[in-house]
Amino acid sequence: MSADVDALPRAGTFRPSRSIVVNAIIGVCFLLAVTAFMTYDLKGSLSFALELRAKKVVAMTLVGVGLSVATVLFHTVSGNRILTPALMGFDALYILIQTVAAYLFGTFAFLRIDVRIRFVGELAVMMGFALLLNHVFLRRTRGDVVLLMLAGVVMSGMFRALSNLVARLIDPNEFVALQDRLFASFSSVDEQLLLASTVCVALALVVVWRMRYRLDAVALGHEHATSLGVDVDRTTKVAMALVAVLVAVPTALVGAITFLGLLTSNAVYLATRTFRHRYTIPASAIAGATVLIGAQFVIEEFFEFNTRASMVIAFFGGIAFIVLLLKEQRR
Amino acid sequence: MIDVRSLVKRYGDTTVLDCPELTIDGAGVTALVGANGAGKSTLLTIAGRLLEPTSGTVLIDGHDVSTAPSRQLAARVAILRQENVLAVRLTVRELVEFGRFPYSQGRLTDEDHHLVDRALMTLDLHEFAPRRLDELSGGQRQRAFIAAVVAQDTDHVLLDEPLNNLDLRHAAQSMAMIRRLADDFGKTVVVVLHDINVAAHHADRIVAMRDGRIVADGTPNEVVVASTMRDVFGLDVEITEHRGRPVVLHFVA
């Protein structure tokens, strides 16, 4: 036995074949989902329908990629695989921003402001929250899932309570208009915002990709990474800023989808059996887009819009979250 | 060369480390000894830049550990902490490959692979290379982490209580390995030890600490004397000799 092992060159070294296969399979699924979504049951003006659907595909891809990659980044810098940016309060913060802005400017006036300006404002607030989160909690609770989760519960609760308070101050008619903006829907995606979002996500992904090896070292743990020459504080700060961008874009585009990142990232860890970001990041990014497009396709074509993809994903994601939590308890 | 200058670490009003001056240079094993809470690990951890001092500096080859780029330092100093729990699952070989990170930034060259092989061979770990770390015994895991330090190939190696949780045989093997780092590889090794006899037998130099201060510094024969031991550990002990090295009969008291 040991003779065979000796004969293997570099026995025990990381072999990427499994990860590559997983990435390829997810890629094929993505292409299938896009093809199905684009071509199934086309009626009426072909170019109009295709353009409409293509826009939706781009939006869903941005959302899926953004949320999934943000989750993987957050997992690595926080040292756990259960919590997600959404659970830390990013979703609730988005709702709070919308509500407060609607109260300050008036809902209709607020909705009339150029989407790109609104988007920059949202991004700035979320970035601030990400860095605060890093400074106040991440650095102190490194790896302590329970403490971090408590912080997330408290912050989400606080943001929601504040949103409710402000919502009471808003004119009921305006509030209805506002509420429509708060839940994920792909039916009404703004074209200008789509372009800005694509640029933002693409830039963020370039930065993430350049950090992929450093993130591997950070995944070993804070002290090991430091000893190996990684500036962990800086890497974490940059990663959290990227998390803010990658979460802000989807929420601004379509609203909140709480458990998508959790679902895709953990499925990818399970399938690839590695933490190496050069494989987990592309795999979970494409998986995120695939799940969204697939779910939306099924809902549009077979459930006739009677439910929303975000709700279906929240349902299954919530179950996955509980399973993961119980598994963590047993460890 | 490790050069400590007026280093102070305080938590609130409590001073846990107050080290005006300490220089460690050249190949050899320097042991930091003292009672619990004497500040040994604090000193080592600050030197390994895993902890920020309240004031003062540690220079490694002239580079200030709190300000020099982490990547530069990683080629000069490696630190191994007591609890080596990884957040991810690795094989022995993958761990040792991470030792090359300061040089390759994750993309290993042929030379890196060669050095990894050598480190595995040095610690007699070749047959364990494909095994996962969490499947190994404490002693084997310790050896794997030391192999990663060997692969990191720094002139300075800082080890924080490497014998913790090791049985007698593995402790003896680990100390022999630490000796080799100094003798065969010419490294400056600083090791925190709580067993004074292990320090007296294996170290070239002993730095004894109490209440955050250095109270004695010298060869084992200079430091391990009854009066100093009383000073450091607050214990009256008999001291005998074995192979020219002092042996403290601390269990007799």
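Me: What distance separates the centres of domain 1 of chain B and domain 2 of chain B, taken over C-alpha atoms?

Reply: This is a predicted model. The domain assignment of chain B gives domain 1 as 1–76 + 155–253 and domain 2 as 84–153. Taken over C-alpha atoms, the centres of these two domains of chain B are separated by 25 Å.

Me: Which element gives the most to the side of domain 1 of chain B that touches domain 2 of chain B?

Reply: In this contact, 10 residues of domain 1 of chain B meet eight residues of domain 2 of chain B. On the domain 1 side, two or more residues come from each of α2 (70–74) and α7 (168–183) of chain B. With three residues, the element that gives the most is α7(B).

Me: Which element gives the most to the side of chain A that touches chain B?

Reply: Chain A puts 25 residues into the contact and chain B 29 residues. On the side of chain A, the elements giving two or more residues are α1 (2–7), α10 (212–220) and α11 (222–227). The most, five residues, is given by α10(A).

Me: How many charged residues has the side of chain A that touches chain B?

Reply: The contact takes 25 residues from chain A. By class, that side has 10 nonpolar and 10 polar residues, and the charged ones number five.

Me: Which residues of α7(A) are buried?

Reply: Helix α7 of chain A covers residues 145–169 and reaches 36 Å from its first C-alpha to its last, close to the 36 Å expected. An α-helix has 3.6 residues a turn, so residues three or four places apart point the same way. The buried residues in α7(A) are A:L148, A:A151, A:G152, A:M155, A:F159, A:S163 and A:A167.

How values were computed: Residues are numbered from 1 along each chain as its sequence is written. Chains are lettered from A and ligands numbered from 1 in the order in which they are written. This is a predicted model: local features need pLDDT of at least 70, side-chain atom pairs count only at pLDDT 80 or more; totals for chains, interfaces and linings use all residues. Two residues are in contact if their C-beta atoms, placed from the backbone, lie within 7 Å. Helices (H or I, at least four residues) and strands (E, at least two) are DSSP runs, numbered from the N terminus. Ala, Val, Leu, Ile, Met, Phe, Trp, Tyr, Cys and Pro count as nonpolar, Asp, Glu, Lys and Arg as charged, and the others, Gly among them, as polar. The expected span of a helix is 1.5 Å times one less than its number of residues. A residue is buried if 20 or more other C-beta atoms lie within 10 Å of its own, exposed if 12 or fewer, and partly exposed in between; C-beta atoms are placed from the backbone. Domain bounds come from an automatic or database domain assignment.
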